[in-house]
Each structure stands twice: as C-alpha cells, then as structure tokens.
Amino acid sequence: MSDETPQTPDQTPDQETDQQQTKSHTKSHTKSHGRKSIRPTLKPRELMSHNPDLARAWQAHIVTLFPEAFPGVLGESLTGKAIKDGKWQLSTTDLRLFGEGKHRNVDDTPAGGGAGMVLRPDVMGRAIEHAIQRAPGPLVYLSPRGKRFDQKMARDWATLPGITMICGRFEGLDQRVIDHYNIAEVSLGDFVLTGGEIAAQAMLDATVRLLPGVLGNADSTVDESHSDGLLEHPQYTRPATWNGHAIPEILMSGHHGKIAQWRRDMSEQLTQARRPDLWAKRQSQDPE
C-alpha cells in the first residue's frame, strides 16, 4: 500500500466533492418555508444534488464507497416525495476521496493474517470527521455482528435529529475506529451482504416512513406488523370473490367490534405460527 499523501496540496476532499456535485447539478431549485420547488422530471439522484440543509428536516448521511447508489429506491414513492417536501434530507460522503495514494486505497490486509481486506482506520477516520461536520445524530456502522434492527429501533431513530450510517465493505472496519468514535453496530438480519448500502436503504425506509407527515394516514403505522409485537393480520380488498376465494364474512359484516377482534385473533395466530420468538417475548412481557 502506498503512503503518499491522500490529496494534492491545492485540492481537498471537500473541494473535490463540491466540484463533483457542481458538475452533476443541472437543475436549479428554490426554497420556501422549508419546502423545495422540484420539477416533475427530476431524477431521484438529483434530489441530493447541491441540497441546502433545511432546519427542520430529519437528516440522513451515508459514508460509502458507492455514493451513486443513493437515494436508490428512497427517491421513489412516499420517501422520495418526503425528500421533495423537505421532511427529510439524504447526503453522502464518498469514502474513496479520503483514500491513500494516487489510487485512493481504502483498505489493507488483516493484521495477523487471514482472507480479505479491512477498511483502514486513517481513511475512515478522515471520512467520519468530514461527515460529522454537517450530520447530526449518532454514528451507526452497518455490520452483520451488530444488534438486529427492528421496529423499535426505527421508532427511536425517527425521534432523533438524524443519523449517520457507515456502510461496511470487504472484511469490515478496523475496530479502533469503532472504539474511538463509540460507533453503534447494527445488523439488518442474520445474513451477510456484500456491503452496507442495501441495509442502509432498508433501515432508512423503515425510519423515514415514521416521520410526521410522511404517510398520508398516520394510523397506517398503528396496526401493522411489529407495531405492538405482533405480525399484522391478513388484508383483503375488492372484488369480494376472486378465483373462488371469498373475503371472510366477518370483514363484510360492518360490525367494527367483531372485525377488530377477528384481526386481533388472526395477528396472534400468525405470530405464534410464524414467529414463536416474538410470541414468547410478548408473553413474557404481557402474560395476559
């Protein structure tokens, strides 16, 4: 690995990032009362170009080797509309810009030997220092050995001013960085991905939809899966009969009390059958 200085004397990562954003920014926008005027033809990636901080917007910042992967699906549907409306903002720090030498190396071989490569602490440290200058909230490293992400964590994150996510790659991140910055490790589940970018988008989607005003109907989050420790009951809609399958009569009865009880019973049955771990946890907390 080369020990050359990471930048030329007349150009810093901040300046290079600004230059790249300027080149990619082809649309102009105005801000009024915390909202942005976005043209209907705006592409998802352009939602992040030269995006001035909005005082009341929830902030998400991503440290990644692949900034072009964002906003990805987050630029679509309700989460994309929420970006346009200024309810939340998404920005990235390109880890490669802080790499070592003319090839901007970001990794090196594991101390003690072994397969793969490890993200260097000096490179990641510079990227984090750059990121925390503008990103509020805690630092989270997306790692398969972290605490498993769940609905409660999404609700907790939604109450914060924002969050900074570090997307891992290769064999992971030098432990000294995690210890130095007291970074929380969070996992999407008990499986391994090639990097943290997909996990970051999934976690952000789960969190952003809980922000005030993102969903058209706030009650949508009340009875859904995991909102109260149970899986959601089955859903039905028109037509009343499809391929010989009819909507359960109780749902067509108009008796709201019986419908609520049926939905509750179905949620409990599904949770017991499909997620005995959730059911056991719920029973230990509320035996009744």
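**View 1. Strand S3 is covered on both of its faces.** Trp-58, Ala-60, Ile-62 and Thr-64 on one side of S3, and Gln-59, His-61 and Val-63 on the other, are all buried, where buried means under 20% relative accessible area, exposed over 50% and partly exposed in between (1.4 Å probe, protein chains only). In a regular strand the side chains alternate between the two faces of the sheet. Seven of the seven residues of S3 (residues 58-64) are buried, so this strand is largely enclosed by the rest of the structure. Helices (H or I, at least four residues) and strands (E, at least two) are DSSP runs numbered from the N terminus. The model is a predicted one, in which local features need pLDDT of at least 70 and side-chain atom pairs count only at pLDDT 80 or more, while totals for chains, interfaces and linings use all residues. Residues are numbered from 1 along each chain as its sequence is written, and side-chain values use heavy atoms, with hydrogens and water left out.

**View 2. Five strands form an open sheet with parallel pairing.** The order of the strands is S4-S3-S8-S7-S9; two strands pair if DSSP finds at least two bridges between them. The edges are S4 and strand S9 (184-187), each of which pairs on one side only. Direction ignored, neighbouring strands of this sheet are turned against each other by 35 degrees on average. Strand S4 (residues 88-94) pairs with S3 in the parallel sense over seven bridges, and Thr-92 in S4 stands opposite Ile-62.

**View 3. Helix H4 lies across S3, S7, S8 and S9.** The direction of H4 runs at about 170 degrees to S7. Axes are lines fitted to C-alpha atoms, for helices over the stretch in contact, and angles run from 0 to 180 degrees between N-to-C directions. Contact means heavy atoms within 4.5 Å.

**View 4. Helices H4 and H6 cross at roughly 70 degrees.** The axes of H4 (residues 151-158) and H6 (residues 197-208) come within 8 Å. The two helices are therefore roughly perpendicular to each other, given that angles under 35 degrees count as roughly parallel, over 145 as roughly antiparallel, 65 to 115 as roughly perpendicular and the rest as oblique. Ala-154, Trp-157 and Ala-158 of H4 make the contact with Met-203, Ala-206 and Thr-207 of H6. These residues divide into five nonpolar, one polar and no charged; Ala, Val, Leu, Ile, Met, Phe, Trp, Tyr, Cys and Pro count as nonpolar, Asp, Glu, Lys and Arg as charged, and the others, Gly among them, as polar.

**View 5. Val-123 is a buried residue of helix H3.** The relative accessible area of Val-123 is 0%. Not counting residues up to four places away in sequence, Val-123 touches Leu-95, Phe-98, Gly-99, Glu-100, Asn-105 and Val-106. Arg-104 is 19 residues from Val-123 in sequence and 9.3 Å from it in space, C-alpha to C-alpha.

**View 6. Ala-82 is a buried residue of helix H2 (residues 77-84).** Its relative accessible area is 3%. Leaving aside neighbours within four places in sequence, Ala-82 is in contact with Lys-87, Trp-88 and Val-214. The C-alpha atoms of Ala-82 and Val-208 are separated by 8.4 Å, although these residues are 126 apart along the chain.
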